[in-house]
Amino acid sequence: MAERSTAAVDVADNSGETLAAKADEATTDGTAEAQDSAATEPQDTDDGLHRSESPLPAPDLHSGHKLARRYRLEECVTRLDGFSSWRAVDEKLRRAVGVHVLPADHPRARSVLAAARSAALLGDPRFVQVLDAVEEDDLVYVVHEWLPDAVELTALLASGPMEAHDAYQLVSQVSQAMAAAHREGLAHLRLTPGAVLRSSTGQYRIRGLAVNAALRGITSDGPQRADTEAIGALLYAALTHRWPYETDAYGLSGLPKGVGLLAPDQVRAGVHRGLSEIAMRALANDGATASRQEKPCTTPDELAKAVAAMPRIRPPEPAFTAPPEYQRTTYQQGTYRRPPSSPGIATTAPVAVPPPPLQSRTGKALKWAVSALLIAALGLGSWQLAEKLIGRADNSGTDSTQTPPPSRDNKPPVQPKPLRIDSASEFMPSGSGISQKDAPKAVDGNSGTAWITPRYVGYANFGNLPPRKDGSGVIVDLGSVRDIRGLKIKMFRGGQKAEVLAADPNASVPSSLADFPQHLTKLETVGSELKQTLDKPVRARFVLVHITELPSDGTSDGYRGGISEISVLG
């Protein structure tokens with residue numbers, strides 16, 4: 001009977017963000033596994049990492065083979081050390097995935113399953129997520145996300161060294177992500193250029209957390225030190241386009257033998273001094289020392305704090321191309337239709353100058369006619385205006401003493417009252433939620449409780465993550481179709497960009513933005529409270545408080561928001 005990780009299955013059921021069409025695209029996400037495996041190890045044999053050999057061959061599988069009658073194998077990208085890695089298609093959720101497969105009797109099978117299940121429980125979007133970890137039919141396989149639009153760091157470095165801002169983003173994001181992983185007791189131990197991907201939005205994501213090392217039988221006596229030095233090697237390569245060891249690796253040339261570890265600003269001119277020192281502090285190991293004798297960084301958390309203490313490096317200014325110099329034409333130079341002069345003969349023929357406009361006899365008559373029409377029109381308009389003003393004064397004088405009787409139809413305006421809310425749920429357009437269980441707190445009548453988002457790093461639009469491209473929020477169910485006359489919403493924090501939408505009266509289970517066509521408020525940045533009185537009632541059962549951007553949480557790069565209380569008036 002198959003063993004299956006419950007946490008991994010939950011991740012798989014809630015992350016259907018990639019269409020089936022992407023499964024057939026050729027991407028760098030899969031080929032990177034083969035390049036990563038064939039590349040030279042970044043450290044020497046005495047780096048504290050222990051590697052076990054695997055005598056078993058990889059499972060004999062082929063394209064078209066199905067695992068669990070769900071994952072169809074498409075292309076083998078790695079086959080070594082008794083396991084194979086594949087690009088596959090999840091036919092249930094219609095998306096591309098990656099799969100690692102090895103025999104159930106493989107000596108590393110248990111450690112691979114344990115590593116995959118631990119990584120699946122982390123749930124950090126900065127890591128490529130583990131979706132499934134299964135032992136079935138004498139096979140153990142691990143299913144993970146496939147990122148068609150991501151480019152691995154190996155390909156980025158192939159074109160040369162990075163700009164200082166790009167290198168800063170690399171070391172900042174990777175060190176913060178690994179610090180979070182180590183706080184949960186997880187290490188990578190195979191943090192190579194092939195394990196770091198950059199998405200189309202500029203966010204770096206790390207794949208193979210704990211799993212890559214388990215597949216290859218790699219362990220370490222100092223996992224934090226090993227991952228920190230690996231991050232330093234990535235930064236060194238980004239700054240210099242050289243690998244910081246004597247061996248060539250990952251398409252990069254190593255350092256000259258016998259000279260030791262040189263600082264990046266000594267290898268290549270123009271390297272940012274602060275980033276050069278950060279790289280040396282992360283690589284300070286086995287006799288190497290950081291420049292200026294700063295304390296070496298021995299954990300990802302220390303490295304992340306050192307990077308955060310640096311002055312922020314701004315992106316380069318866009319290059320401005322000057323417009324071409326203005327060219328005078330021959331007509332503007334006064335030679336248009338001028339006959340060419342003979343050599344040696346000066347031509348002084350006068351150029352005929354046309355008379356000024358409207359100076360001829362016809363022109364003068366036209367000017368007088370237009371002037372007369374304008375004077376007549378002005379006089380007629382003044383006479384009509386005076387007649388209207390006199391008539392209005394007469395009417396006001398005769399009617400001023402007459403007061404119209406009160407009409408029985410003039411009823412006092414209806415004061416909106418709060419409508420009963422049946423339930424509240426989280427808006428999940430991609431199928432994956434962020435704080436589903438806290439959605440009812442936004443309608444419990446207690447402003448001290450709230451639906452609150454997690455903390456997102458780097459971007460106000462929910463971390464610029466693909467699953468959150470349509471934002472998030474809370475959907476309120478009124479129980480039946482009601483007349484909505486106003487809204488009163490207390491936000492968890494001011495500065496959120498939000499709007500309020502209503503579903504069609506016939507909607508039953510609205511789940512996407514297209515299901516909420518009625519705009520009750522416009523999309524704008526709101527304060528701590530959002531109030532709106534509608535000119536005319538709107539009939540709807542479901543109301544969405546939609547948030548697209550979050551305010552700062554008080555840190556330099558963190559964003560967080562939420563909703564404290566929702567009141568729908570009718």
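Start by selecting helix α9 (residues 273-283) and helix α10 (residues 300-309): their axes come within 11 Å and cross at roughly 165°. Axes here are lines fitted to C-alpha atoms, for helices over the stretch in contact, and angles run from 0 to 180 degrees between N-to-C directions. This is a predicted model, where local features need pLDDT of at least 70, side-chain atom pairs count only at pLDDT 80 or more, and totals for chains, interfaces and linings use all residues. Residues are numbered from 1 along each chain as its sequence is written, and side-chain values use heavy atoms, with hydrogens and water left out.

α9 and α10 are therefore roughly antiparallel to each other (angles over 145 degrees count that way). Now show side chains: Ile278, Arg281 and Ala282 of α9 meet Leu303, Ala306 and Val307 of α10, with contact meaning heavy atoms within 4.5 Å. Five of the residues in this contact are nonpolar, none is polar and one is charged.

Next, select strand β5 (residues 83-90). Is β5 mostly buried or exposed? Eight of its eight residues are buried, so β5 is largely enclosed by the rest of the structure (buried means under 20% relative accessible area, exposed over 50%, with a 1.4 Å probe and protein chains only). Phe83, Ser85, Arg87 and Val89 point one way, while Ser84, Trp86, Ala88 and Asp90 point the other.

Look for leucine 80, whose bridge partner in β5 is phenylalanine 83.

Finish with β6 (residues 95-103), paired with β5 in the antiparallel sense over seven bridges. Here tryptophan 86 has valine 99 as its bridge partner.

Definitions and conventions:
Helices (H or I, at least four residues) and strands (E, at least two) are DSSP runs, numbered from the N terminus. Two strands pair if DSSP finds at least two bridges between them. Angles under 35 degrees count as roughly parallel, over 145 as roughly antiparallel, 65 to 115 as roughly perpendicular and the rest as oblique. Ala, Val, Leu, Ile, Met, Phe, Trp, Tyr, Cys and Pro count as nonpolar, Asp, Glu, Lys and Arg as charged, and the others, Gly among them, as polar.
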